Amino acid sequence: MAQVQSPTVGRRRLGTELRQLREAAGLTHVQVAEALDCSQGKISKIETGRVPVRTLEVRAMAELYGAAEDRVEILLGLAKDSKQKGWWQSYGTGAVPPGFDTFLGLEAAASSLRTFSSGLIPGLLQTKEYAYELLNAWSPVERTDVESSLALRLARQERLTGVNPLSLWAVVEEAALRRLVVPADAMRQQLRHLLHLAYRANVTVQVLPNSAGAHPLIGDNVALLEFPDPVDPPVVFLENSAGWQGMKKAAEVRRYKLAMDHLTMAAMSQKDSVALIAKIADELV
């Protein structure tokens, strides 16, 4: 799956534009909701890009805010783009945990991803066998959903290859390299797969050694997305068994960026990381 314009990014941009217009017009959510005969919650969801918007609604809001006609046309274009189906939707709702659809939509348009997963190898770097075991262990749903989730994960990995591939910087705990999520033979293949990817120009893998001790992201699974267009600010996602939670406020993103910076400084260099991964793979019998 090559990098594409994402409907999620379209909704996000549209929401930002509408919020800026509303604030410039000096209107509150309450006033807009009353004028358009809708709830304040709907206006908030539109401005945060959580829901698609009909073109009639966009035009009504733009006119209320006094937007120029050329800007209205841009907004209508964004609204149209935001209604496109995301590539992940064909895999079914059982393959997409809460919040993951938003993450996938943003990742599809991102230029870079910095990630840290506590105790596990990140999804973009997993083999089919490793990913299946994790999904089978985590998912309380039927096998068909596990299979759909697996197919989605493998399709997602295509962002690392092809034209304009995603730039990935992953910090992996040493414990994740030693945990036998799959039998030894399959784990050896997983580590060799990790080595193969680490030699790609757009992939950086650093190992956080067990000796590193305490760090600010203990127990967290963090993904920091950045985008090629400066109008799209970076966003952080946290993952747990309940789903994915996006954090878009500048202060929140800055906090996790600093934490990721701390981890990269505490982790081994790329060269030493590759050597350790190869050593652990050779030790598996």
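This passage describes the overall architecture of a predicted protein model and then its local features.

The protein chain contains 12 helices and six strands. Along the principal axes, its C-alpha trace spans about 70 × 40 × 35 Å. Of the 285 residues in the chain, 47% are buried. Among contacts between residues at least 6 apart in sequence, 75% join residues at least 24 apart. The UniProt record, an unreviewed entry, places the feature "domain: HTH cro/C1-type" at residues 18-72. In the model, this span is 69% helix and 0% strand, and its end C-alpha atoms lie 10 Å apart.

The structure holds 16 salt bridges. One of them joins arginine 13 to aspartate 232, with the closest N and O atoms 2.5 Å apart. Arginine 13 belongs to helix H1 (residues 7-24), whereas aspartate 232 lies in the loop between strands E4 (221-226) and E5, so this pair ties together parts that are 219 residues apart in sequence. Arginine 13 is partly exposed, with a relative accessible area of 23%. Aspartate 232 has a relative accessible area of 7%, which is under 20%, and therefore counts as buried.

A further salt bridge is formed by lysine 42 and glutamate 57, whose closest N and O atoms are 2.3 Å apart. This pair links distant parts of the chain, as lysine 42 lies in helix H3 (residues 40-47) and glutamate 57 in helix H4 (residues 55-65), 15 residues apart. Lysine 42 is partly exposed, at a relative accessible area of 32%, while glutamate 57 is buried, at 13%.

Glutamate 174 is buried, with 11% relative accessibility, and arginine 178 is partly exposed, with 37%. These two residues also belong to a network of salt bridges that links Glu174, Arg178, Lys279 and Glu283.

Glutamate 173, located in strand E2 (residues 167-173), is buried yet has no salt bridge. The nearest side chain of opposite charge, that of arginine 179, is 6.0 Å away. A salt bridge requires a side-chain nitrogen of Lys or Arg within 4 Å of a carboxyl oxygen of Asp or Glu. A polar atom of the glutamate 173 side chain does, however, lie 2.6 Å from the backbone nitrogen of glycine 119. Beyond residues up to four places away in sequence, glutamate 173 touches Phe116, Ser117, Ser118, Gly119, Val207, Leu208 and His215.

Strands E5 (residues 235-240) and E6 (residues 243-247) pair in the antiparallel sense over five bridges. Together they form a hairpin with two residues between them. Within this pairing, leucine 238 stands opposite glutamine 245 in E6.

Helix H11 (residues 250-266) includes valine 253, which is buried, with a relative accessible area of 6%. Leaving aside neighbours within four places in sequence, valine 253 is in contact with Leu224, Pro234, Val235, Val236, Met247 and Lys248. Valine 253 and serine 111 are 142 residues apart in sequence, and their C-alpha atoms are 16 Å apart in space.

Methods
Residues are numbered from 1 along each chain as its sequence is written. This is a predicted model: local features need pLDDT of at least 70, side-chain atom pairs count only at pLDDT 80 or more; totals for chains, interfaces and linings use all residues. Side-chain values use heavy atoms; hydrogens and water are left out. UniProt positions are given in the numbering used here, feature names are shortened, and annotations may be inferred rather than shown by experiment. Helices (H or I, at least four residues) and strands (E, at least two) are DSSP runs, numbered from the N terminus. Buried means under 20% relative accessible area, exposed over 50%, partly exposed in between (1.4 Å probe, protein chains only). Lys and Arg count as positive and Asp and Glu as negative; His and the chain ends are not counted. A polar contact is a pair of N or O atoms within 3.5 Å; within protein, one must be able to donate a hydrogen and the other to accept it, and residues adjacent in sequence count only if both atoms are side-chain atoms. Contact means heavy atoms within 4.5 Å. Two strands pair if DSSP finds at least two bridges between them.
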